[in-house]
Amino acid sequence: MVGVLSNAAQRRAYKIFKDTFISFTHECGWSFLRKVQSPTSWVGNSATVSQYQSVESVFLGNRRLTPAYEVELAPIDGTVEGSVEYYTLLDNKTIQFYSRPRVSDRPLIRVFYTEDLQLPAYSATAIIPFSSDFINIMEQLMSAKLCLQMLDDQGGYNTFMREYMVKSARAVQRDQRISNSRPNMF
């Protein structure tokens, strides 16, 4: 990511890189992207949190809240303060609760989510925000996409994709601490 995107081939390669980055970060539930956070600001029954890729669950203390579609919650008055049972996702930063949480309940709300990791702006000082183990795997996927989309090389694509599948499966096992050994039933 050094220099300026000055020609069509560079812009095309960078677009493939962006697509690869998004595919890679969304493909698996990578542990480095799983976060827990309390909402940072409140307006009525809506709370703001860090930008998320997906919300796994929302808790009020030890009680898990129920996700619902906004249209399902339309008949419920969100201005009434009370016991929160439901939440809905308005956009990738805002969660709306029903009923409106009491001020004393707000610090007890925890959002378990998968972070939406943003690609750094294109510059000479840009750094990809994860470890070299994951960069090596992403390079295999990038190479496969470059072979197919820029070189029209199906054989190269297949070779890189096979290597990518093997490396990513191993990484998922390590990342999620999945044992390779089979359980002994005796």
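Two strands pair if DSSP finds at least two bridges between them. Strands (E, at least two residues) and helices (H or I, at least four) are DSSP runs, numbered from the N terminus. The structure is a predicted model: local features need pLDDT of at least 70, side-chain atom pairs count only at pLDDT 80 or more, and totals for chains, interfaces and linings use all residues. Residues are numbered from 1 along each chain as its sequence is written, and side-chain values use heavy atoms, with hydrogens and water left out.

Four strands form an open sheet. Their order is β1-β11-β4-β5, and the pairing is antiparallel. The edge strands, β1 and β5 (63-64), each pair on one side only. Strand β1 (residues 34-37) joins β11 (residues 109-115) over four bridges. Here V36 stands opposite F112, and K35 stands opposite Y113. Strand β4 (residues 52-60) pairs with β11 over seven bridges, again in the antiparallel sense. V58 has V111 of β11 as its bridge partner.

The model also holds nonpolar cores. Such a core is a set of buried Ala, Val, Leu, Ile, Met, Phe, Trp, Tyr and Cys residues joined through side-chain atoms within 4.5 Å. Buried means under 20% relative accessible area (1.4 Å probe, protein chains only). The largest core has 21 residues, and F24, W30, F130 and M138 have the most contacts inside it. Helices α1 (8-27), α2 (132-149) and α3 (154-175) each supply at least two of its residues. α2 gives the most, with six.

F130 touches F21, F24, T25, F32, L117, I135 and M138, not counting residues up to four places away in sequence. Contact means heavy atoms within 4.5 Å. A second, separate core has 14 residues, including Y52, V58, Y87 and I109.

How values were computed
Buried means under 20% relative accessible area, exposed over 50%, partly exposed in between (1.4 Å probe, protein chains only).
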